[in-house]
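Dear colleague,

Here is the structure I said I would pass on. My notes on it follow below.

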Amino acid sequence: MKSASSLPNTAEASTPELQSLRSDDDDVNEVWIPCSICKLPINPHCHCHHKQQHKAETQLGYKPSQIPRSIRNLSSKRREVISYIKDHCGYKQALIHNVDRSYDILKRIQITPIKDIRRISPQDFEKTLVYKTDKINALIPSIAVCCDKNPSWQRDMEDSFVILDKYGGRSDTCLVGIFDGCRGKSAACTMAREFPTLFLGQLLNLDPSYTITDKEKRFLDSLDTVFKDHYKDAEKHFSSALYEKASSEMDIKAIHIAYAKAFWRMDRILQLGRKESSRAIWSGCSSVSCLFDGFADAKSSQKEAQLLGSTQEHKRRLGVLHIASVGNVKAVLCRNGKPYCLTKSHSSCSERTHAKENSGSHSANEDQGLVESVTKVSGGLGYHGDLKLKNSVIPAPHTLSIPIYQTCQFLVLGSSGLWDVLSGREVVSIAMKVLKDSLKNSDNSKAKLDYLQPFQNVTAAENIHEVTVPNCIDSSGVPERRNGLNEDEGGANPGSHLELRNPLNLETRSESRRACKSNPREMYNNAAACVCQRLVMAAVLAGSQQNVTVCLVLLPGCLNINEPSEKM
Ligand SMILES: [Zn+2]
């Protein structure tokens, strides 16, 4: 085994060369597991991948003593095995599919050897990327995102996100989305890049106050070859039944339909398979997206009355949040210190019937059940390479609209890496504690003053157009008002996306504390970033095996977070 041979053997640990190897690592790496196949000692953090490698090699016809020498060598082995299957085996399709999967695994190992997968060490968390934006609009004091690949378990970062301020040309509207990729990052990245424009295309038909840039229009026009007349007819048929509702409900209903149409269209676009690298399984993703619609002016207030009826007038509604989710990503709102889950998990249990109806199979081995042994979700977008799997995974979103009151404190969006190990209650209590600590010594009255006059500082308001999309560096079809930014560029762009090296040491950073006091906006940015990073760290240490992405949206209620809850 190529990767294993470079690992030290416990019996040889006293040789000087190996001692130097050890000193580079932390003491957490002292445990070795002897491999039952090649007998080499394997480090626990490589064990799962190592076994996977053996299995794939066997599948491609390598003997235990052989290893793939190059990608070329792998390709010729693959051709050999497939031609053998075609000549000698009855049920060809499934066997060829397995060979292709094994080929993908070994090809990845050729590109990134297993030993390059790192292990958990405290330094990892200092390098976690935190994206912060300046104050977004009157409804949202700050948004921060933190992503971690979770390198002990994951080879690639497959999550992606998007934050679009002044969405659709409206000053008080903001779109935030998290896309949790599975089996490759292509679907999640495409979604982050193209979903906002698709959704905007739908919103344009509902509300003339949304506007579109020339570039976005060109992108939508370019899709006419994909969405032909018969697709549009089917789409119309789907929505016409739902439109026959009372007028007060119609606006919200219409937005939900716009979401649904945009999700189905997105799924159709992913079917084109652009940028898919695997032969066997195309990537897919779960998604949650939030449309924040603030009521900044009188016109919007009228709309608010229309939208939400006239109950509970004593509470001032500051805006409305329209949320759509599919798959195993989650959004949890903290209102008055209590967690409210706004998404519905498309878990295997709830959708088991659907999969069975469409002759998809669930694994009986696990409580949760794995759809076709690949993904834990049965709602999602993409997964087009495998027809059988695709029949079990549907792109229909769960949608919900809620009013934003002064009592709403923050919203946490997270990829499955967070929610696999932490509950909504746990996440909210961690976030509350960090927020309270970060904002404790702030000059609250000054912070509020700043909040109530959101656009006083024109230069600051102009700086907030920037949006980050990590892991999406190609620019084809990128709508305007968005910056492609990959991990490497994160630190080099000190503008509105600040990288916070170690916000956990906020107590010791008196300088930044002083800066925070003089600039409340910076204080909220720091607090939000701090919460995101703490949550990512908690998820990784709690044993998450997935990429972890956490987005925190501060809402007006966070301004009163250190006041007794009765007052809110
Ligand atoms: Zn082995």
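V176 counts as buried because its relative accessibility is 0%; buried means under 20% relative accessible area, exposed over 50% and partly exposed in between, with a 1.4 Å probe and protein chains only. The model is predicted, with local features needing pLDDT of at least 70 and side-chain atom pairs pLDDT 80 or more, while totals for chains, interfaces and linings use all residues. Residues are numbered from 1 along each chain as its sequence is written, and side-chain values use heavy atoms, without hydrogens and water.

V176 lies in strand β6 (residues 173-182); strands (E, at least two residues) and helices (H or I, at least four) are DSSP runs numbered from the N terminus. Beyond its neighbours within four places in sequence, V176 has contacts (heavy atoms within 4.5 Å) that include I143, L413 and C551. C551 is 375 residues away along the chain, with 8.8 Å between the C-alpha atoms.

C551 belongs to one side of β16, together with T549 and V553, and V548, V550, L552 and L554 form the other; all are buried. Strand β16 (residues 548-554) is largely enclosed by the rest of the structure, because seven of its seven residues are buried.

β16 runs antiparallel to two strands, pairing being at least two DSSP bridges:

- β4 (residues 143-148) is joined to β16 by six bridges, and C147 stands opposite T549.
- β13 (residues 408-414) pairs with β16 over five bridges, with G414 as the bridge partner of V550.

Regards
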